[in-house]
Amino acid sequence: DLPESLLEGVDYVHTSGLMLFENPAAEAVCAFLELCKRRGVRVSIDINLRVETARRDMGYFRRAMACADYLLGSALDELAPLTGLRDWQAADRGLVTPRRAVVDRLGSGGAKVFSAQGESSCPGFAVSVQDTLGAGDCYNAGFLLGLTLGHPLSQANRMGCAAAAISVTRPGARSCPDRQTLENFLANQGENA
């Protein structure tokens with residue numbers, strides 16, 4: 001039982017889809033996301049479908065998805081399987097609602113955002129890849145930073161792509177850039193964060 005006061009001053013809550021298949025975590029996460037939705041706190045979910053979860057009961061996942069303002073995932077591996085469609089862009093568009101945007105991380109191809117207001121793409125940044133582990137999580141961090149700074153989806157997407165690009169130039173999963181590094185990278189690309 002979480003007090004509603006816990007959400008005072010909170011704008012966004014982010015969770016992983018991996019939390020939505022086992023209890024007691026799945027029930028607790030869903031209840032918390034439903035509280036967020038009632039309080040107007042925006043919710044993002046990194047889908048994180050895996051081989052071991054793809055065939056599991058999707059009830060909690062769908063319950064959480066109903067609270068999501070942002071779904072983030074990989075086109076063919078995560079978003080298309082949610083809909084059963086083979087065309088990943090049709091799958092992404094099918095997951096968009098008037099209040100929910102879908103972010104499709106495309107690896108070295110960048111990312112594409114689908115929303116009720118339209119679509120925007122960010123090509124991948126040309127960097128020397130050392131390790132891709134954790135790049136999706138770094139994308140999420142950059143994207144959410146952009147949103148918390150009040151940027152439109154297209155700029156938040158670029159920030160996510162930049163964070164992921166920086167992360168793949170470093171070894172290991174703990175390679176997310178800090179804000180200053182992200183801003184410097186974008187400035188070197190001729191952009192502002």
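Strands β4 and β5 form a hairpin with five residues between them, and G107 in the turn has a positive phi of about 60°. Helices (H or I, at least four residues) and strands (E, at least two) are DSSP runs, numbered from the N terminus. This is a predicted model, in which local features need pLDDT of at least 70, side-chain atom pairs count only at pLDDT 80 or more, and totals for chains, interfaces and linings use all residues. Residues are numbered from 1 along each chain as its sequence is written, and side-chain values use heavy atoms, with hydrogens and water left out.

**Strand pairing**
- β4 (residues 101-105) pairs with β5 in the antiparallel sense over four bridges; two strands pair if DSSP finds at least two bridges between them.
- V113 in β5 is the bridge partner of V103.
- β5 and β6 (residues 118-122) run antiparallel and are joined by five bridges.
- Two residues lie between β5 and β6 in their hairpin, and S121 in β6 is the bridge partner of K112.

**Burial of β5**
- Five of the five residues of β5 (residues 111-115) are buried, meaning under 20% relative accessible area with a 1.4 Å probe, protein chains only.
- A111, V113 and S115 lie on one side, and K112 and F114 on the other.

**Pockets**
- The largest pocket holds about 710 Å³ of space, a volume being the space filled by probe spheres set on grid points joined across faces, edges and corners.
- A pocket is an open set of points on a 1 Å grid over the protein atoms alone, where a 1.4 Å probe fits, with protein on both sides within 12 Å along at least five of seven lines; lining residues have an atom within 4 Å of a point.
- Of its 30 lining residues, R105, G107, T132, A135 and G136 are the closest to the centre of the largest pocket.

Terms used: Buried means under 20% relative accessible area, exposed over 50%, partly exposed in between (1.4 Å probe, protein chains only).
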